[in-house]
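Reader: I have a model open and want a quick tour. Can you take my questions as they come?

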Amino acid sequence: MPIKERVMHRSSLIFLPALLFPFSLLAAPDAVKVEVLQNKLEHPWSLAFLPDNKGLLVTLKGGQLKHWQAGKGLSDPITGVPKVWDNGQGGLLDVVLAPDFATSRRVWLSYAEAGADGKAGTAVGYGRLSDDLSRLEAFQVVFRQMPKLSTGHHFGGRLVFDGKGYLFIALGENNQRPTAQDLDKLQGKVVRLTEDGKVPPDNPFVNTAGARPEIWSYGIRNPQGMAMNPWSDTLWLNEHGPRGGDEINIPEKGKNYGWPLATHGINYSGLKIPEAKGEHVEGTEKPLFVWKVSPAVSGMAFYNSDVFPQWKNKLFIGALKEKDVIVLSVNGNTVTEDGRILGDRKQRIRDVRVGPDGYLYVLTDETDGQLLKVSPSGR
């Protein structure tokens, strides 16, 4: 039977001294109602909703893709998933449906893939989901992060279709800082491909000698959330800073987002990032929003449903370290933090999505991870 409970918010606002603002501006969102739809998920990473009320697909970091449906629960592992490199932060990562899923039944996956020398990188591909939802058929890899440099860190892996014929892939710098600035490498980049996995001829570095033609933007550390803003029709991305300096950015064509030259954070040792020249460096883009103290941001979702009007124009972002969901208000490109929800659960939040029913769906990144269905209290 589903477990139902109420979880109160934990209020928090970054950077803004309380004395400068009336209390009403600092108030966190209302309490929320939480339903545990599924537990015993071993480190779930992402979810994707199937059409026609057929439930959802969920990835488990260890390499399994499963189907969950109300009244039926969790399926056995779907076969045909590629072998993943399950080490450190690597494993089976994002899952998204192709825009033409109704006819193609393509399911796209990102995952950590081993190289010949024991290191790994992010790979992306797709397979056809069988009609009985039990297998991925003819899985095809269309993208590989090269060179393979990760020993277990900073894979990125979020996938977003923009509705205009393109697929964006967020890639971490594999904890190899300088590579984020190297245009001959795919570390620390946002990549743009067609919906078939090809390089678009209008990508910014297609005609640049020595540059990877897949690159859309660069100077990114460890992206963990990415989504299309439904009000501006632009791509938004969040990324981990080092010790401090988690960011929200709008990755635009050919632009440099600074890492490791520009950062609001320091090294985990407490020392300065060796390559850093300040919080902003000429020729790089300033972040849209910065957390001085890193919550360890994860999956993100814009709320554009009419089901819960009090959530309209909100942006929900998971937090791994701070173990809550950050609620932000979005007004154009101005972002303000309203507060936090789900903090009382004390579980790492890995993914946040808005379902077709207007509810918020959340995955907790634990050995006994959970799929949560969240709504404002009183609903």
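Reader: Which strand gives the largest share of the lining of the largest pocket?

Author: E15, with four residues. This is a predicted model, where local features need pLDDT of at least 70, side-chain atom pairs count only at pLDDT 80 or more, and totals for chains, interfaces and linings use all residues. Residues are numbered from 1 along each chain as its sequence is written, and side-chain values use heavy atoms, with hydrogens and water left out.

Reader: What counts as a pocket, and what as a strand?

Author: On a 1 Å grid over the protein atoms alone, a pocket is an open set of points with protein on both sides within 12 Å along at least five of seven lines. Lining residues have an atom within 4 Å of a point. Strands are DSSP runs of E, at least two residues, numbered from the N terminus.

Reader: What volume does the largest pocket have?

Author: About 680 Å³. A volume here is the space filled by probe spheres set on the grid points, which are joined across faces, edges and corners.

Reader: Which residues lie nearest its centre?

Author: Phe-49, Val-96, Phe-161, Arg-353 and Val-354, out of 24 lining residues. At least two lining residues each come from E3 (44-49), E7, E11 (156-161), E15 (222-229), E19 (297-303) and E23.

Reader: E7 again. Which sheet with E7 is open?

Author: The one with the order E7-E8-E9-E10, four strands with antiparallel pairing. Two strands pair if DSSP finds at least two bridges between them. E7 (92-97) and E10 (136-144) each have a single partner strand, so one side of each has no neighbour in the sheet. On average, neighbouring strands are turned by 25° against each other, direction ignored. That angle is between lines fitted to C-alpha atoms; angles run from 0 to 180 degrees between N-to-C directions.

Reader: And E9, how many bridges does it make with E8?

Author: Nine, between E8 (residues 106-114) and E9. Ala-112 stands opposite Thr-122 there. E9 (residues 120-129) also pairs with E10, over six bridges. In that pairing Gly-125 partners Val-141, and Arg-128 partners Glu-137.

Reader: What sits in the turns?

Author: Five residues separate E8 and E9 in their hairpin, where Gly-118 takes a positive phi near 90°. The hairpin of E9 and E10 has six residues between the strands, and Leu-133 in the turn has a positive phi of about 65°.

Reader: Why is E9 largely enclosed?

Author: Because nine of its ten residues are buried. Buried means under 20% relative accessible area, with a 1.4 Å probe and protein chains only.

Reader: New topic: Gln-347. Buried or exposed?

Author: Buried, at 11% relative accessibility. Gln-347 is in the loop between E22 (334-341) and E23 (349-354).

Reader: Which side chains make polar contacts with its side chain?

Author: Thr-364, at 3.0 Å, and Gln-370, at 3.2 Å. A polar contact is a pair of N or O atoms within 3.5 Å; within protein, one must be able to donate a hydrogen and the other to accept it, and residues adjacent in sequence count only if both atoms are side-chain atoms.

Reader: How many cavities of 30 Å³ or more does the whole structure have?

Author: Two. In a cavity, a 1.4 Å probe fits but cannot get out. The largest cavity has a volume of about 50 Å³, and its lining includes His-240, Tyr-257 and Trp-259.

Key:
Buried means under 20% relative accessible area, exposed over 50%, partly exposed in between (1.4 Å probe, protein chains only).
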